[in-house]
Amino acid sequence: MKYGLPMLLTQDEGLKSFIANLTAQLSEWLESGKLQRVVLVILSKATNEVLERWNFSIETDNEVVEKGESREKSDKEIMREIQAIMRQIASSITYLPCLDEACVFDVLAYTDKDLAVPFTWVESDPKLIANPQIVKLHSFDTKIHKVDTLVSYKNDEWDEQ
């Protein structure tokens, strides 16, 4: 359970290591105010075509980062907002097309241009979807960051007619 919701956990050690390294790097950039966006991309394993693109845009209150003084907002209120987004993501299966093929994922991080890219990361194209369907999800606001969320996805309905 996390944020009052059931979460799936991986048993794959390679994936656990990847996620641990990913979250450590993202946390470092987030805490220093250098991270503007994180994108989770779901791709077809067979064709490498982008099927879904989960976009988390981050606005940092630089005054808080520089001075170390946070705005007043309770942890309970922040958790409630995160929980609302997690519920919305979980319910997205009602409108997203079914992914009935083997898929892989990639994570893109948009940072300040002057930031050195760690050797474990590589430059990438934005992995956009041509003519996507877009759904804006809830936003949430912590004491330091505001996160806007949206998902874009490939819509094959018109291709089949």
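This dialogue covers how to read some computed features of a predicted model.

Q: How many helices and strands does the secondary structure of the protein chain come to?
A: Helices (H or I, at least four residues) and strands (E, at least two) are DSSP runs, numbered from the N terminus. The protein chain has three helices and six strands, in the order α-β-β-α-α-β-β-β-β from the N terminus.

Q: What share of the contacts in the protein chain with a separation of 6 or more joins residues 24 or more positions apart?
A: A contact means heavy atoms within 4.5 Å. Here the share is 69%.

Q: How many residues of the protein chain count as buried?
A: Buried means under 20% relative accessible area, exposed over 50%, and partly exposed in between (1.4 Å probe, protein chains only). Of the 161 residues, 29% are buried. Ile 19, in helix 1 (residues 13-31), has a relative accessible area of 36% and is therefore partly exposed.

Q: What are the dimensions of the box filled by the C-alpha atoms of the protein chain?
A: Taken along the principal axes, the box is roughly 55 × 35 × 35 Å.

Methods: Residues numbered from 1 in each chain as written. Predicted model: local features only at pLDDT ≥ 70, side-chain atom pairs only at ≥ 80, totals over all residues. Heavy atoms only, no water.
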